[in-house]
Amino acid sequence: MADKDKRIVIAGAGSIGCYAGGCLTLAGRKVILLARPRIEAALRQGGLRVSDLQGRDRSIKPEALAVTTDPAATLPQADVILVTVKSGATQDMADLIKAHARPDAVVISLQNGVDNADRLRAGLGRRTVLAGMVPFNVVQSPDGELPLRVHRASDGKVMVEDGDAGLVGLLGVEGFAVEAHGDMKAVLWGKLLMNLNNALVALSGLPLATELADRRWRLILASQIDEALTALKASGIEPARIAGLRPALLPKVLRLPDWLFKLLARRMLAIDPQARSSMWDDLQRGRPTEIDDLQGAILRLAGKAGTPVPTVQRIIALVRAAEAERLGSPGLAPEQIVAPAGRRST
Ligand SMILES: NC(=O)C1=CN([C@@H]2O[C@H](COP(=O)(O)OP(=O)(O)OC[C@H]3O[C@@H](n4cnc5c(N)ncnc54)[C@H](OP(=O)(O)O)[C@@H]3O)[C@@H](O)[C@H]2O)C=CC1
Ligand SMILES: CC(C)(CO)C(=O)C(=O)O
């Protein structure tokens with residue numbers, strides 16, 4: 001079978017899954033979206049709109065989309081499975097793949113966090129499981145808006161672990177650039193450093209570009225990254241550069257005055273003004289966040305290495321409190337991160 005005829009199943013069609021699946025469908029790849037009933041109903045009714053920061057704006061009619069909620073009917077057809085569920089759903093997805101997919105299907109995690117590919121491997125025995133990394137943010141349209149729209153709000157190439165020669169050709173399509181990488185452990189830790197900001201966006205409720213433009217928030221991110229870099233160094237892990245900057249330089253650049261930061265960190269700030277973070281999405285929807293897989297991974301590493309992580313611990317506590325309240329983003333100010341927090345009075 002020619003690589004381009006392989007069937008790709010998107011395991012968990014949400015923001016990233018619909019964006020990847022949409023670009024792949026538009027490029028003529030054979031794609032099936034495995035979705036929850038809410039997303040399935042929206043796609044069957046209104047199709048899918050896929051847009052991006054570069055101005056692409058493309059639509060797929062409902063009849064041109066293959067979407068289902070039935071893993072038993074879908075997964076056996078897969079040659080390649082892109083896992084795009086949140087980290088808390090990885091184990092369930094591994095169980096579904098184990099139960100229904102062919103043993104030769106290649107499984108790729110496109111999730112944040114450093115442990116998801118390993119979790120899939122642990123659940124899937126001898127199958128080929130590859131780690132992947134999505135560097136950009138995808139904004140999903142509000143519930144009820146038709147067609148469902150997924151908008152790539154920043155830039156970058158998706159990285160996939162080297163291991164299957166045809167994958168870059170199969171998955172790399174217009175709007176979804178893909179590159180193979182030989183050291184995904186370094187890439188995932190590098191991305192995790194950037195993802196330490198997801199919680200700050202979620203706690204502030206601010207768009208990512210607005211939050212990053214404010215030095216008070218960047219100082220908190222810089223403290224978290226300092227703590228993470230110390231724990232990584234003590235553990236012998238070298239994170240890869242993700243936003244064009246060497247990880248060791250990130251805290252220094254983040255601490256620059258606003259005017260200089262804007263000048264030097266243009267790539268980091270090339271973001272749609274509405275984009276926030278996937279953790280903000282979770283708080284808004286009253287769902288559990290990935291805090292355990294992001295800040296939590298640093299906490300565990302630091303615990304083993306014996307290095308201090310006071311800022312990371314504080315952020316975990318604040319996100320946990322916001323999760324428990326289920327009232328969306330608490331809209332905190334930077335001063336409330338370092339001092340005891342209260343809910344914003346509006
Ligand atoms: N959004 C972004 O901009 C970015 C996200 N990422 C990472 O990508 C991963 C996915 O994030 P994102 O796309 O935002 O998440 P979403 O929550 O938008 O998408 C995941 C979807 O999978 C669904 N799902 C879960 N289990 C199943 C199942 N068994 N069968 C069918 N559908 C299922 C979820 O439904 P339900 O919630 O109802 O269970 C949800 O609709 C995360 O690890 C995230 O950190 C990485 C870069 C950017
Ligand atoms: C915003 C971005 C791209 C980087 O922190 C992200 O990974 C997310 O929203 O989960």
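How do the residues of the shell around ligand 2 divide into nonpolar, polar and charged? I looked this up first. The model is a predicted one. The shell around ligand 2 has three nonpolar residues, seven polar ones and no charged ones.

**Ligand 2**

I then listed the shell by name. Around ligand 2 I find Asn112, Phe136, Asn137, Met194, Asn195, Asn197, Asn198, Leu208, Ser277 and Ser278. I also checked which domains supply them. Domain 1 (3-182) and domain 2 (188-338) each give at least three residues to the shell around ligand 2.

**Ligand 1**

Next I turned to ligand 1. I count 27 residues around ligand 1, and the closest are Gly12, Gly14, Ile16, Gln111 and Asn112. By class, I get eleven nonpolar, ten polar and six charged residues around ligand 1. Where does ligand 1 lie relative to domain 1 (3-182) and domain 2 (188-338)? Ligand 1 lies between them, because both domains give residues to its shell.

**Helix α4**

Helix α4 spans residues 90-100, and its buried residues are Thr90, Met93, Ala94, Leu96 and Ile97. Down the axis of α4, these buried residues fall within an arc of 165 degrees, so they line one face of the helix. I recalled the general rule: an α-helix has 3.6 residues a turn, so residues three or four places apart point the same way. I also looked at what covers the buried residues of α4. The cover includes β1 (7-11), α3 (71-74), β6 (80-83), β7 (106-109) and α5 (116-124).

**Record for residues 8-158**

I checked the UniProt record. An unreviewed entry lists residues 8-158 as "domain: Ketopantoate reductase N-terminal". In the model, the end C-alpha atoms of this span lie 16 Å apart. Residues 8-158 are 30% helix and 28% strand.

**Helix α14**

My last stop was α14. Which residues of helix α14 (residues 295-305) are buried? They are Gln295, Ala297, Ile298, Leu301 and Ala302. The arc they cover around the axis is only 155 degrees, which puts them on the same side of α14. On the face turned away from that buried side, I find the exposed residues Gly303 and Lys304. The cover over the buried residues of α14 includes α7 (184-195), α8 (198-204), α10 (215-234) and α15 (310-325). Just after α14, I noted that Gly306 takes a positive phi of about 75 degrees.

Methods:
Residues are numbered from 1 along each chain as its sequence is written. Chains are lettered from A and ligands numbered from 1 in the order in which they are written. This is a predicted model: local features need pLDDT of at least 70, side-chain atom pairs count only at pLDDT 80 or more; totals for chains, interfaces and linings use all residues. A residue is near a molecule or strand if its C-beta atom, placed from the backbone, lies within 6 Å of it. Ala, Val, Leu, Ile, Met, Phe, Trp, Tyr, Cys and Pro count as nonpolar, Asp, Glu, Lys and Arg as charged, and the others, Gly among them, as polar. Domain bounds come from an automatic or database domain assignment. A residue is buried if 20 or more other C-beta atoms lie within 10 Å of its own, exposed if 12 or fewer, and partly exposed in between; C-beta atoms are placed from the backbone. Helices (H or I, at least four residues) and strands (E, at least two) are DSSP runs, numbered from the N terminus. The arc is that of the directions from the helix axis to the C-beta atoms. Two residues are in contact if their C-beta atoms, placed from the backbone, lie within 7 Å. UniProt positions are given in the numbering used here, feature names are shortened, and annotations may be inferred rather than shown by experiment.
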